[in-house]
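Have the picture ready and follow along.

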Amino acid sequence: MKARSALRAPPRRHWLVAAASLLLLPGVKAAGLPALPASRSLADELRVALRADKPLVVMVSLEGCAFCRAVRESHLVPMRGQEGLAVVQVDMRSRQLTRDFSGGQMTHDERVRAWNVKVAPTLLFIGRDGAEVAERLSGYSPDFYSFYLAERLAQARARLRA
């Protein structure tokens, strides 16, 4: 009997613990988990959004931020998939490079500081010439977030049509 039990697969809870610990490692993303594209060129990303008559939504995020994850997974990723929301992510403290609206190159962190963003998550709604076309949406409260996001998007879309 003992020899047979030694050949058994580990209990299911061991697999769950192993999978969960992978999610906690920085830079590791499990297949199928929602993600937003990291900005590589804000100018190009804005150009694509404007061609579709949409504002560019930029999510300022911070690695490991639970509120950022909630905004991404509960709001932005579904809207990107279902409505074609033009959205990219710029990360605080990240050294990844992106081109700004005038074509200059800077790190994500430098871009965040240039925007004077202090809170993660913060959503910016960008229109022509890289100008903000709606009030920023900073922080996260699950109670009214959908309402505030819809309100900002409507404001941004209206300003683009004007």
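Start with strand β1 (residues 56-61), which is joined to β5 by five bridges, the two running antiparallel. In this pairing, valine 57 stands opposite phenylalanine 125 in β5. Strands count as paired here if DSSP finds at least two bridges between them. Before going further, note that this is a predicted model, in which local features need pLDDT of at least 70 and side-chain atom pairs count only at pLDDT 80 or more, while totals for chains, interfaces and linings use all residues. Residues are numbered from 1 along each chain as its sequence is written, and side-chain values use heavy atoms, leaving out hydrogens and water.

β5 also has a partner in strand β6 (residues 137-138): two bridges join them, again antiparallel. Here leucine 123 is set opposite leucine 137.

How covered is strand β5 (residues 122-126)? Five of its five residues are buried, where buried means under 20% relative accessible area, exposed over 50% and partly exposed in between (1.4 Å probe, protein chains only). In a regular strand the side chains alternate between the two faces of the sheet. In β5, Thr122, Leu124 and Ile126 are buried on one side, and Leu123 and Phe125 on the other.

Now look at helix α3 (residues 42-51), whose buried residues are Leu42, Ala43, Glu45, Leu46 and Ala49. These lie on the same side of α3 because they cover an arc of only 165° around the axis, taken from the directions from the helix axis to the C-beta atoms. The face turned away from that side carries the exposed residues Val48 and Arg51. Among the elements covering the buried residues of α3 are β1 and β5.

Terms used. Helices (H or I, at least four residues) and strands (E, at least two) are DSSP runs, numbered from the N terminus. Contact means heavy atoms within 4.5 Å.
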